[in-house]
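Here's a walk through the packing in this one, from ring contacts to cores to the layout of a chain. Keep the viewer open as you read.

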Amino acid sequence: MSAITLRVNGKPIALDVDPSTPLLWVLRDHLGMTGTKYGCGIAECGACTVHVNGEAVRSCQLPIEYVAGAEVVTIEGLSENGDHVLQKLWVEMNVPQCGYCQTGILMATAAMLAHVKKPTDKDIDTYITNICRCGTYPRVRAAIHRATDTPGT
Amino acid sequence: MEQVKINRRTFLVTATAFAGGMSLSLAAPAARAASISGEPWLSNAGGVEFSPWIAIAPDDTVIIRVATPEIGNGTVTQTPMNVTEELACDWSKVRVEFASPRRDYLENQVYSKAGWMPFFAGHATDSDRMKIALQIGASARERLKAAAAHQWNVQVADIEARNSVLTHVPTGRKLRYGEVAAKAATIQLKAEPTLKPQSEWTFLGKASPAKLNLPEIVRGSAVYGLDVRLPGMVYAALLQSPVQGGRLKSHDPGAVLKMPGVRAVVVVDPSKTKGIPASDKANYKLYYGLAETAVQSAVAVIADHYWQAKKALDALPVVWEPGPGADWKSSEQIYDAAMAVLDKPATKVLHTAGDVNAVTDPPTLDLRYLTPYCDSAPLEPLNGTAVVTPDKVEVWHPAQDPQQAWWVAVDETGLAPDKVYFHQTYVGGAFGRRVLANDVRMVVAVAKEYPGVPVHVIWSREEMTRQGRYRTLIATRFQAHLDGQGMPQVWKAQACLTGPIMVAASFADSPYVVGGAIPNVQIGTSDLPMHILTGAYRGPWYNSFVFMVETFIDECALTAKADPLAYRLKLLANWDPAWSKCLQVAADKAGWGKPLPRGQGQGIAVAAWPTAGLRQTGTIICAVATVEVSPDGVLKVKSIDVAFDCGRVANRDAVAAQLEGGAIHSLNMSLNEEITVRNGAVVEGNFDQYPMLRMGDIPPRITIHFDALSDHDRFGIVGEAPIGPIGPAVGNAIFQATGKRMRTTPFRKHDLTWT
């Protein structure tokens with residue numbers, strides 16, 4: 001096995017790992033970064049969303065060999081001190097309930113905002129397709145509108 | 001207000017132990033907002049213990065131990081809010097950690113017996129536990145005041161406690177709580193202080209602060225069960241008999257043992273469940289008669305990393321002896337069998353009034369309903385971590401009921417209870433799935449087979465979905481005779497149950513049948529024993545029965561050519577007026593009765609959890625749904641208006657969040673959810689087969705109206721209530737829009753086209 005190299009939250013990483021291992025499990029079990037969650041393993045729920053070269057990606061279906069050389073950002077790297085505008089609003093507006101899906105939703109939302117500065121409800125529906133069993137969707141939507149100073153429904 | 005008894009002997013024991021030099025860490029956390037650690041079972045804060053619930057550190061940090069799990073309901077915030085109201089401490093100084101069920105056992109059930117209920121499950125933070133939390137705060141405050149009075153040699157009555165500072169009012173002298181905490185902890189009060197009246201509350205009912213675990217959640221540092229990492233920990237991937245109740249027949253470990261990282265293949269055998277030591281059986285019970293008393297048959301692969309374990313498990317040759325469950329070829333066969341049971345008289349009568357045989361004519365309506373198996377499907381897959389040695393078990397677990405989980409760990413190993421340590425993690429949703437603790441039983445059973453190192457057991461999503469403890473499949477038959485005015489004279493209902501239930505909530509105790517408006521009533525049940533394992537699901541059984549009752553009453557109303565709202569109001573005219581108020585508020589807010597074009601409709605439904613048949617209890621809740629169905633059958637729920645009465649509200653935003661989320665849960669359950677069976681095994685494995693509503697599917701307007709609150713002196717539980725009425729409100733609206741009646745769920749399986 002040859003080492004796979006990539007950057008995670010700005011740090012260079014070299015790994016001796018089965019190249020078919022999904023990025024999710026590399027992050028969680030090899031690198032100890034458990035903020036990226038396992039929910040379904042088939043890229044349905046989005047709890048495992050991270051940024052790969054700036055794009056939101058569901059890491060549970062992404063073999064580590066495909067991200068060799070890539071720049072990966074996880075929830076641990078979204079901000080220095082947990083003070084990204086979305087993180088602050090998620091707290092202030094009491095968005096999470098159990099919270100398990102929220103790191104994935106935050107990463108999906110942050111990636112959306114890199115593309116769409118002023119998202120409409122339709123944009124939000126298109127970009128944020130994560131599953132939240134607690135039903136926090138209306139609060140997620142409200143927090144995005146507040147973060148971007150856009151009108152909600 | 002009723003006083004709460006605090007175990008003073010325990011206060012004394014604790015205080016004495018401290019005075020005698022009990023070793024304590026007095027290291028203080030950095031000052032910040034009210035907080036809880038990412039590892040919530042840890043006691044980082046130290047402090048001087050006033051009681052098992054509360055400690056205060058020299059730097060004024062107040063450590064509050066919460067006995068209920070945080071499952072998204074906000075209990076780690078609401079409980080300390082309740083304590084803070086009476087303690088008069090600075091909210092930013094509050095730090096929370098979970099109480100230990102092992103300590104509860106060792107110290108004469110200090111948490112459970114004192115009134116937190118012998119039941120640590122997530123709900124009822126305010127309805128059942130608020131007064132206890134207030135009393136804990138009041139008691140600590142008075143002891144602090146007494147300590148200050150002693151130090152100053154002044155009257156306690158001249159001391160004011162506010163914002164973690166004690167002030168001697170006549171002289172203006174001040175002491176911080178932390179400065180007198182050590183002395184205060186040694187003081188015993190002659191009598192427990194009287195709680196202040198609610199009218200003098202300054203925090204409860206006034207504030208909805210940010211939940212104090214949210215900073216950990218949004219940083220990804222909150223440790224859920226799946227995030228536990230321990231030195232030397234190994235990972236286990238789990239497989240149980242696809243047909244529940246089946247046994248492992250054979251497997252071939254040799255085929256996978258040489259795969260990378262694989263350490264072992266272990267077998268879990270139900271006969272190895274040891275049972276609680278005889279001397280302790282009387283102390284605790286496994287709850288409800290629903291909890292399993294032995295582990296299920298299983299095989300697990302243990303490896304250095306989860307992905308290695310999972311790949312090896314997928315490659316492992318396994319043969320199961322499926323047992324008699326495999327004879328059930330399809331869900332349709334089960335549904336037919338359940339309906340056939342309803343052709344015969346009920347075997348158990350739950351409620352009667354008058355004489356249902358008084359009217360000999362055939363019933364005006366004779367209708368049947370069915371709700372399928374559903375999975376609670378919390379987003380965090382089942383998991384847990386345990387290390388088992390001959391004389392000690394240590395468990396880290398996302399329990400919905402830590403006390404039950406700890407006790408099940410005792411039961412599975414047979415060790416003395418004091419040798420079993422339990423650490424409660426955050427919980428990635430529960431909704432009933434984690435309450436009976438069969439998950440922790442499996443975790444401990446696997447770890448027993450690989451002793452000495454921490455074993456982290458993970459159910460894949462597919463394994464979890466196919467090994468549920470499902471919402472009980474229920475079929476019902478309702479018969480009613482309507483009189484000349486269209487009102488029911490006879491109401492006869494029978495349910496076929498496919499698993500044990502605790503309460504026939506909203507079925508046997510619906511106010512329609514116990515409120516006296518219908519003179520002749522008979523409610524009964526029959527059983528269809530199945531191999532499919534059932535358990536709790538949000539608002540257990542209520543979530544099915546409300547759909548059935550509120551759909552049937554709608555059908556009665558329309559048969560009587562009555563407005564569904566007016567019909568309900570008439571039947572409930574002599575009942576707790578909160579029901580009528582909720583109906584009226586929801587209807588008014590939704591614009592009930594306005595003419596709608598074809599393809600649009602409104603539906604209404606009302607219910608109460610946990611008890612419908614008692615006045616002024618729990619939460620009464622009404623929903624009005626407004627829907628649009630296109631001619632080709634595409635349903636759009638345009639709005640949901642919810643009105644409710646839980647008496648009073650201590651935290652408005654937290655209540656709104658539970659009701660919003662519960663409404664969406666009810667909608668998903670009714671539109672989407674069905675677990676089906678083929679050859680005895682569950683078919684659905686993942687979210688591609690068990691769909692969940694997403695952002696774009698949510699009604700644009702879900703509004704929680706507070707206008708029906710009665711101000712009755714209770715803080716009723718709110719989390720389960722919305723699971724009942726939203727589904728039937730939508731179903732009744734679909735009928736108005738299309739003329740098609742929803743008598744089974746999920747609605748997505750119905751043809752909704754119209755011309």
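## Charges over rings

Let's start with B:R741: its charged end sits over the ring of B:F735, 4.2 Å from the ring centre. B:R652 does likewise with B:F706, its charged end lying 3.9 Å from the centre of that ring. The test here is that NZ of Lys or CZ of Arg comes within 6 Å of the ring centre and within 35 degrees of the ring normal.

A word on ground rules. This is a predicted model, so local features need pLDDT of at least 70 and side-chain atom pairs count only at pLDDT 80 or more, while totals for chains, interfaces and linings use all residues. Residues are numbered from 1 along each chain as its sequence is written, chains are lettered from A and ligands numbered from 1 in the order in which they are written, and side-chain values use heavy atoms, with hydrogens and water left out.

## Aromatic pairs

Over all chains, the structure holds 23 aromatic pairs (rings of Phe, Tyr and Trp, the last by its six-membered ring, with centres within 6.5 Å; planes under 30 degrees apart are stacked, over 60 edge-to-face, the rest tilted). B:F507 and B:F545 make a stacked one, at 4.6 Å centre to centre and 10° between the planes. The two partners are 38 residues apart: B:F507 is in the loop between β21 (488-497) and α13 (511-514) of chain B, and B:F545 is in helix α14 (residues 542-559) of chain B. Helices (H or I, at least four residues) and strands (E, at least two) are DSSP runs, numbered from the N terminus.

Both B:F507 and B:F545 are buried (under 20% relative accessible area; exposed is over 50%, partly exposed in between, with a 1.4 Å probe and protein chains only). They also belong to a cluster linked by ring pairs, together with B:Y369, B:F478, B:W491, B:Y512 and B:F552.

## Nonpolar cores

The largest nonpolar core has 243 residues, and A:W90, B:W491 and B:V730 have the most contacts inside it. A core here is a set of buried Ala, Val, Leu, Ile, Met, Phe, Trp, Tyr and Cys residues joined through side-chain atoms within 4.5 Å. Helix α5 (residues 130-152) of chain B gives the most to this core, 13 residues.

A second, separate core has 40 residues, including B:V266, B:V395, B:L415 and B:V420.

Chain A has five helices and five strands, running β-β-α-β-β-β-α-α-α-α from the N terminus. The domain assignment (automatic or from a database) gives domain 1 (4-77) and domain 2 (85-148). Their centres, taken over C-alpha atoms, are 21 Å apart, and 17 residues of domain 1 are in contact with 13 residues of domain 2.

Of the 153 residues of chain A, 59% count as buried. A:T109, in helix α3 (residues 102-115) of chain A, is buried because its relative accessible area is 0%. Not counting residues up to four places away in sequence, A:T109 touches A:L86, A:W90, A:I128 and A:I144.

Key
Contact means heavy atoms within 4.5 Å.
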